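This report describes selected helices, a strand and individual residues of one protein model. Please look at the sequence and the structure first.

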Amino acid sequence: MGELLLIRHGETTWSASLRHTSYTDLELTPDGERQARTLAAFLAGRRFVTVLSSPRSRALRTAQLAGLTVDAVDEDLSEWNYGEYEGRTTVDIHDDDPHWNIWTDGCPGGESPAQVGERLDRVLARVTPLLDRGTVALVGHAHSLRVLGARWIGLPPSAGGRLRLETATVSALGHEHGRQVILRWNQPAPPAPGTATDSVPQS
């Protein structure tokens with residue numbers, strides 16, 4: 001039984017500033033492109049039954065720089081539609097609605113948690129049978145992939161709020177004793193050889 005790899009795209013200007021980004025089609029920043037390239041060595045040697053990507057350019061560019069060949073673009077892998085909250089930060093939104101929580105409330109003019117869960121369930125229904133033949137890679141976005149991870153282990157979409165997901169990370173879903181489990185989560189590519197990291201503070 002193969003693994004289901006979830007790959008979040010590299011950094012954009014809005015992800016760096018914590019602004020909600022769904023349908024706005026932003027390019028990767030230079031650092032986001034560097035992040036995506038580090039994934040190439042991380043994924044080298046892996047064989048995939050299929051690679052599916054969100055239609056957004058930040059996801060497609062990440063796949064390209066990571067050395068992946070996208071077999072199909074899947075609209076259901078798009079990010080949670082933030083509606084009226086597109087481009088805003090959570091801090092900014094809380095100035096208007098201090099109790100707002102995307103995981104339970106959804107977004108006005110956008111999607112509810114149930115709607116996001118329904119389309120990620122469709123993705124899982126399409127790719128799960130393929131795991132009998134090997135590993136599948138999905139390239140997408142933070143909130144939608146978090147929902148997918150929650151749904152894989154039988155939890156509601158709101159449980160994705162407990163699964164933090166950074167840019168340019170790889171998570172692996174799989175099986176243990178016949179049960180669907182999270183094998184690894186939010187795993188960054190290792191730094192390139194010779195890269196100094198010890199002196200960089202981690203936040």
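Which residues in α3 are buried?

In α3, the buried residues are Ser57, Arg58, Ala59, Thr62, Ala63 and Leu65. Buried stands for a relative accessible area under 20%, exposed for over 50%, and partly exposed for values in between, with a 1.4 Å probe and protein chains only. Helices (H or I, at least four residues) and strands (E, at least two) are DSSP runs, numbered from the N terminus. The buried residues of α3 pack against β1 (4–8), α2, β2 (48–53) and β4 (135–140). Just after α3, Gly67 has a positive phi of about 85°.

The model is predicted: local features need pLDDT of at least 70, side-chain atom pairs count only at pLDDT 80 or more, and totals for chains, interfaces and linings use all residues. Residues are numbered from 1 along each chain as its sequence is written, and side-chain values use heavy atoms, with hydrogens and water left out.

## Arg58

Arg58 belongs to helix α3, which spans residues 57–65. Its relative accessibility is 1%, so Arg58 counts as buried. Contact means heavy atoms within 4.5 Å. Not counting residues up to four places away in sequence, Arg58 touches His9, Thr12, Thr21, Ser22, Thr24, Asp25, Leu26, Leu28, Glu79 and His141. With His9 there is also a polar contact of 3.5 Å between the side chains. A polar contact is a pair of N or O atoms within 3.5 Å; within protein, one must be able to donate a hydrogen and the other to accept it, and residues adjacent in sequence count only if both atoms are side-chain atoms.

In the unreviewed UniProt entry, the annotation "binding site" covers Arg58. UniProt positions are given in the numbering used here, feature names are shortened, and annotations may be inferred rather than shown by experiment.

## Helix α2 against α3

Helix α2 covers residues 30–43, and its axis comes within 7 Å of that of α3, crossing at roughly 45°. Axes are lines fitted to C-alpha atoms, for helices over the stretch in contact, and angles run from 0 to 180 degrees between N-to-C directions. The two helices, α2 and α3, are therefore oblique to each other. Angles under 35 degrees count as roughly parallel, over 145 as roughly antiparallel, 65 to 115 as roughly perpendicular and the rest as oblique. From α2, Glu33, Ala36, Arg37, Leu39 and Ala40 meet Arg61, Thr62 and Leu65 of α3.

Two other residues of α2 can be set side by side. Gln35 lies in this helix and is buried at 14% relative accessible area. Leaving aside neighbours within four places in sequence, Gln35 is in contact with Gly10, Glu11, Thr167 and Ala168. Ala41, also in α2, is exposed at 64%.

## Helices α6 and α7

Helix α6 (residues 113–127) packs against helix α7 (residues 142–152) at an angle of about 70°, with the axes 9 Å apart. The pair α6 and α7 is therefore roughly perpendicular. Val116, Gly117, Leu120, Asp121, Val123 and Leu124 of α6 meet Ser144, Val147, Leu148, Arg151 and Trp152 of α7.

## Thr135 in strand β4

Thr135 lies in strand β4 and counts as buried at 10% relative accessibility. A polar atom of the Thr135 side chain lies 3.3 Å from the backbone nitrogen of Glu3. Apart from neighbours within four places in sequence, Thr135 is in contact with Gly2, Glu3, Leu5, Arg46, Arg47, Phe48, Val49 and Thr50.
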